[in-house]
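This report describes selected features of one protein model.

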Amino acid sequence: MQIWQPRNVSGACHNAIMYSPDLRRHAVALMESGISLRSISISTGISRATLHDWREHPVARVKPRASCPRCARQSALPEPQADCAYLLGLYLEDGCLSFASTRDKKVWKLRIICADAWPGLQQECARVMDAISPGHKIGTQQWPGCVEVISRSRHWPCLFPQHGPGRKHHRKIELEEWQLVIVRKYPGEFARGLFHSDGWRGVNRVRRRLAGGDRWYEYPRYQFSNESADILRLCGETLDRLGVAWRYSRRTVISVARREAVVRLDEFVGPKY
Ligand SMILES: [Zn+2]
């Protein structure tokens, strides 16, 4: 236990001794267990007046550090898992991690780009960030045509180990085993995150040449485009898991166009809003 005493050149001494947070937590725990102040004072060297003050002002207790399910001694899956699957989809498409400031390199900013055209998606992005990493203020940064939704935490890299230098399509993107558990459990949420960022649900117009003249038909379809072959593969595997027929319409574009496949994907994704 570390105890330090500030240099007090004025000589005016009023409870000048400062105690480490660990020692304070230890003493408070002893008091809560019913041990007398006198005994605690003798065993710790803390004055009874200070112990009395700590007992009377519990709000001044040092807050425990927020726990991270991935850093914990027994690591666990982050919660809520459905929101994690959705946020992973957004992150792989339009997210990045950077240091919150150069002075404190232990805090990271998770930044997700959301188009101005879809305010509902911005709110949904902020909601899931808050659900997964509660207690951290969510901020926004406006850019031409889009908004960055930002959350700060020391532990975002634990939840997005795909973080690395360079663009995602220039490096290998693989999910860790615990992430695969989540996206296999919540494929609909993962697909929703992917399609809500760089996906598109729109109406295709097709012309048919008939004897009586041309006729135009309209039908809804989904497209998902990405430069990363790894991310396209993850999208394709997830659509397979959902039982949604798809094909590559171009090297970098996945298309879902069959009527029953669009109806099925509508159950999980739907139009942007
Ligand atoms: Zn962590």
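## The zinc site

Which protein atoms are the donors of the zinc ion? In this predicted model, the donors are the SG atoms of Cys68, Cys71 and Cys158, together with ND1 of His155. These atoms lie 2.1 to 2.3 Å from the zinc ion. Along the chain, the donors follow the spacing C-x2-C-x83-H-x2-C.

The site is tetrahedral, and the angles among its 4 donor atoms run from 103 to 119°. For reference, the ideal angle for four tetrahedral donors is 109.5 degrees. Two of the donor residues can also be described by their accessibility. His155 has a relative accessibility of 24%, so it counts as partly exposed. Cys158 is likewise partly exposed, because its relative accessible area is 22%.

## Cavities

How many cavities of 30 Å³ or more does the structure hold? There are 2. The largest cavity contains about 100 Å³ of space. Its lining includes Pro78, Ile132, Trp156, Phe160 and Trp178. Helices H4, H6 (156–159) and H7 (177–185) each give two or more residues to this lining, and H4 gives the most, with 4 residues. By class, the lining has 11 nonpolar residues, 1 polar residue and no charged ones.

The second largest cavity has a volume of about 40 Å³. Among the residues that line it are Leu175, Arg184, Phe190, Glu237 and Arg241. H7 and helix H9 (229–242) each supply at least two lining residues, with H9 giving the most, 4 residues. This lining divides into 5 nonpolar, 1 polar and 3 charged residues.

## The second largest pocket

The second largest pocket has a volume of about 410 Å³. It is lined by 25 residues, of which Leu92, Glu93, Gly95, Arg167 and Lys168 are the closest to its centre. The lining comprises 7 nonpolar, 8 polar and 10 charged residues.

Helix H4 (81–94), strand E3 (95–99) and strand E4 (108–115) each contribute at least two residues to the pocket lining. H4 gives the most, with 4 residues.

## Asn204 in strand E7

Asn204 belongs to strand E7, which spans residues 199–210. Is this residue, Asn204, buried or exposed? Its relative accessible area is 19%, so Asn204 counts as buried, the cut-off being under 20%. Apart from neighbours within four places in sequence, Asn204 is in contact with Tyr217, Glu218, Tyr219 and Arg221.

Notes
Residues are numbered from 1 along each chain as its sequence is written. This is a predicted model: local features need pLDDT of at least 70, side-chain atom pairs count only at pLDDT 80 or more; totals for chains, interfaces and linings use all residues. Side-chain values use heavy atoms; hydrogens and water are left out. Buried means under 20% relative accessible area, exposed over 50%, partly exposed in between (1.4 Å probe, protein chains only). Contact means heavy atoms within 4.5 Å. Donors are N, O and S atoms within 2.8 Å of the metal (3.2 Å for Na, K and Ca); water is not among the atoms, so sites may look incomplete. Four donors count as tetrahedral if all angles lie between 85 and 135 degrees; four count as square planar and six as octahedral if opposite donors are over 155 degrees apart and all others between 65 and 115; anything else is irregular. On a 1 Å grid over the protein atoms alone, a cavity is a set of points where a 1.4 Å probe fits but cannot get out, and a pocket is an open set with protein on both sides within 12 Å along at least five of seven lines; lining residues have an atom within 4 Å of a point. Grid points are joined across faces, edges and corners, and a volume is the space filled by probe spheres set on the points. Ala, Val, Leu, Ile, Met, Phe, Trp, Tyr, Cys and Pro count as nonpolar, Asp, Glu, Lys and Arg as charged, and the others, Gly among them, as polar.
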